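Open the model in your viewer and keep the selection tool at hand. The stops below go from the whole chain to single residues.

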Amino acid sequence: MGQTPAQKAAQAVSGQQPKRKRPGKAQREPIKQAQAAKKADGRKPTAKKAAAKKAVPLPRGSLRAAYPGTCPACLKDYNKSDVITKVADGWGHPACAPRRLSAAEREFARNKARIESGETYRAQKPSDWRLGSSPSSSRPAR
């Protein structure tokens, strides 16, 4: 049952979309054949895409090489689709990239350097020891 032009105009004014017609039998057959071909191996059509996404995840900041190249750090070649990451002068092997330190490791290294250079926590305040006396006698009585 079709709509009159007046009914179509009323729907357009009210913001409704006209109903779409279902494709005829002649158009449905090729669609069904294509769907059957996709399901021929017994899996859903999206199973291949899901399997590709569940493949080994790459480390953060890495990607797969789009073309073969040479690592600037070790000067060895890498193939297309090998995992590469940013190194000093370009892209190369993840093992050749400098390892990033965590915040705790950076603080530890900073404190270690201060201690090895002679700047310790005691050096931050002046000493109130008197030469030749014990530490207990150097402070004023409370």
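How many helices and how many strands does the protein have? Colour this predicted model by secondary structure: there are five helices and five strands. Going along the sequence, the order is α-α-α-β-β-β-β-β-α-α.

**Whole chain**

The accessible surface of the protein is about 13,100 Å², and carbon and sulfur atoms hold 56% of it. Of the 142 residues, 10% count as buried. Among contacts with a separation of 6 or more, 8% join residues 24 or more positions apart.

**Loop between β2 and β3**

Next, select Leu 75. Leu 75 sits in the loop that runs between β2 (69-70) and β3 (77-78). Its phi is positive, about 60 degrees, although Leu 75 is not a glycine. Most residues other than glycine have a negative phi. Is Leu 75 buried or exposed? Its relative accessibility is 65%, so Leu 75 counts as exposed.

**Loop between β3 and β4**

Move on to Ser 81, in the loop between β3 and β4 (83-87). Ser 81 also is not a glycine and has a positive phi, about 75 degrees. With a relative accessible area of 41%, Ser 81 is partly exposed.

**Cysteines**

Now select Cys 71, Cys 74 and Cys 96 and show their side chains. How many disulfides does a search of the whole structure find? The count is zero. A disulfide is a covalent bond between the sulfur atoms of two cysteines. Cys 71 is buried, at 0% relative accessible area, whereas Cys 74 is partly exposed, at 29% relative accessibility.

**Largest pocket**

Last, select Arg 60, Thr 85, Lys 86, Pro 98 and Arg 100. Of the 13 residues that line the largest pocket, these five lie nearest its centre. The pocket has a volume of about 290 Å³. Which element gives the largest share of the lining? That element is β4, with three residues. Coloured by class, the lining of the largest pocket shows six nonpolar, three polar and four charged residues.

Key:
Residues are numbered from 1 along each chain as its sequence is written. This is a predicted model: local features need pLDDT of at least 70, side-chain atom pairs count only at pLDDT 80 or more; totals for chains, interfaces and linings use all residues. Side-chain values use heavy atoms; hydrogens and water are left out. Helices (H or I, at least four residues) and strands (E, at least two) are DSSP runs, numbered from the N terminus. Buried means under 20% relative accessible area, exposed over 50%, partly exposed in between (1.4 Å probe, protein chains only). Contact means heavy atoms within 4.5 Å. Accessible areas come from the Shrake-Rupley method with a 1.4 Å probe; for residues, only the protein chains shown count as cover. On a 1 Å grid over the protein atoms alone, a cavity is a set of points where a 1.4 Å probe fits but cannot get out, and a pocket is an open set with protein on both sides within 12 Å along at least five of seven lines; lining residues have an atom within 4 Å of a point. Grid points are joined across faces, edges and corners, and a volume is the space filled by probe spheres set on the points. Ala, Val, Leu, Ile, Met, Phe, Trp, Tyr, Cys and Pro count as nonpolar, Asp, Glu, Lys and Arg as charged, and the others, Gly among them, as polar. A disulfide is a pair of cysteine sulfur atoms within 2.5 Å.
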